[in-house]
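User: I would like to learn how to read a structure made of two copies of a chain. Where should I start?

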There are 2 protein chains.
Amino acid sequence: MDVDARKHGPRMHGIDTGDLAAYAKGPAGEAWVMLTELFFVHGRPRFFSVGQQLELSPPQSVVLRLLDEPRAMGELAGLMRCDSSNMTGIVDRLEERGLVERQAAAHDRRIKLIALTEPGRELRSELARRLAEPPEALTGLAAADQRALRDILARARSR
Amino acid sequence: MDVDARKHGPRMHGIDTGDLAAYAKGPAGEAWVMLTELFFVHGRPRFFSVGQQLELSPPQSVVLRLLDEPRAMGELAGLMRCDSSNMTGIVDRLEERGLVERQAAAHDRRIKLIALTEPGRELRSELARRLAEPPEALTGLAAADQRALRDILARARSR
DNA sequence: TCGTATGCTTGAAGCCATCAACTATCGAGA
DNA sequence: TCTCGATAGTTGATGGCTTCAAGCATACGA
């Protein structure tokens, strides 16, 4: 770390992390800040580029990921935290591409269930496969670190 | 974990993580998958809601975060991986709100440097402060786990 | 000096996102 | 059983984002 970088604070890929880190409190806060930056630098661009390769917009990718089983429109909108009218458009476009289909729900005629088609299932698997590729920042860690990281995150997810 | 959950795979907040995990290879892959889901569940919604509170759209928030120093339009577009014409609109709207200003670059009259105004600097700090708050998934970890996580991530960032 | 490349802006078209309004359907209470 | 308020999804208006194409001003190299 040279003097110039010191002036601007720690940098990850040209982006100053000092400002977020300035507000981090305790190890959990510091870890969170670093997680956030890790995802900003590696996760977000990956999500966008993989989606682009598969000709999916970011919201379309999110919806595909959410469809591990048929879900109602309102449920999808809730999980994606957007307005149901917005979800109508997103599902419309996925439906036009033959990736999903609308099904009436047996118990309530207001409810539309959104289910993947076979092409939709295949595309969803391909999306998952590509997103599961870890960045070198992780693969380059020592094996013990990788295992420890995995185990800590597993404990975090059960909270 | 009950039988029904087994059928659908592990779940984090109603979202099946089994499909990504199915493609994870080794501890780094598993860690990455869990990181991705952690951010999907905690980071992404936080980013959107904090931005909303501060009346910033997601791309506006990203640009504010990138402006740790004055940057050229093309540089911003490159860092955000979008078209420069798109960046023109985003910066226009930030400029209209008095958060940034365009400055001519001394060495090249084609280049416009985008710098924060004082209100822009204050808003950027507030954005950082709110984004730096870790989720309970992390704060609820044992202290030793928090420290280990922080240290591993620090090692990962220097790759 | 001139031709090509670069940086930013403008404009068209499509997608996303919110809010308001609407129709069909449901469910609870009288 | 009937009524009314709530709910689910859709339509439409408006603004923001995103890409691509085209244009103008500027820079640079031959």
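This is a predicted model: local features need pLDDT of at least 70, side-chain atom pairs count only at pLDDT 80 or more; totals for chains, interfaces and linings use all residues.

Analyst: Start with how the copies are related. Two copies of a chain are related by a rotation about an axis and a shift along it.

User: How many residues of chain A are in contact with chain B?

Analyst: The size of an interface is often given as the accessible area lost when the parts come together. Here we count residues instead: 53 of chain A are in contact with 54 of chain B. On the side of chain A that touches chain B, the elements that give two or more residues include strand S2 (15–16), helix H2 (18–22) and helix H7 (118–131) of chain A. H3(A) gives the most to this side, with 15 residues. By class, the side has 31 nonpolar, eight polar and 14 charged residues.

User: What should the 28 residues of helix H3 of chain A span?

Analyst: At 1.5 Å a residue, helix H3 (residues 26–53) of chain A should span 40 Å, and its end C-alpha atoms are 39 Å apart, which agrees.

User: Where does H3(A) bend?

Analyst: H3(A) bends by about 40° at A:Phe39. After H3(A) comes A:Glu55, whose phi is positive, near 60°.

User: At what angle do H3(A) and helix H9 of chain B pack?

Analyst: First, the general idea. An α-helix has 3.6 residues a turn, so residues three or four places apart point the same way. Now the case here: H3(A) and helix H9 (residues 143–157) of chain B pack at an angle of about 35°, with their axes 8 Å apart. H3(A) passes H9(B) in a left-handed crossing. Among the residues that make the contact are A:Ala31, A:Met34, A:Leu35 and A:Leu38 of H3(A), and B:Leu149, B:Leu153 and B:Ala156 of H9(B). By class, the residues of this contact divide into 10 nonpolar, one polar and four charged.

User: How far apart are the axes of H9(A) and H3(B)?

Analyst: The axes of H9(A) and H3(B) are 8 Å apart, and the two helices pack at an angle of about 35°. H9(A) passes H3(B) in a left-handed crossing. The contact includes A:Leu149 and A:Leu153 of H9(A), with B:Met34 and B:Leu38 of H3(B). Its residues are 10 nonpolar, one polar and four charged.

How values were computed
Residues are numbered from 1 along each chain as its sequence is written. Chains are lettered from A and ligands numbered from 1 in the order in which they are written. Helices (H or I, at least four residues) and strands (E, at least two) are DSSP runs, numbered from the N terminus. The expected span of a helix is 1.5 Å times one less than its number of residues. The bend at a residue is the angle between axes fitted to the seven residues ending there and the seven starting there. Two residues are in contact if their C-beta atoms, placed from the backbone, lie within 7 Å. Ala, Val, Leu, Ile, Met, Phe, Trp, Tyr, Cys and Pro count as nonpolar, Asp, Glu, Lys and Arg as charged, and the others, Gly among them, as polar. Axes are lines fitted to C-alpha atoms, for helices over the stretch in contact, and angles run from 0 to 180 degrees between N-to-C directions. A crossing is left-handed if the near helix is turned anticlockwise from the far one by less than a right angle, and right-handed if clockwise.
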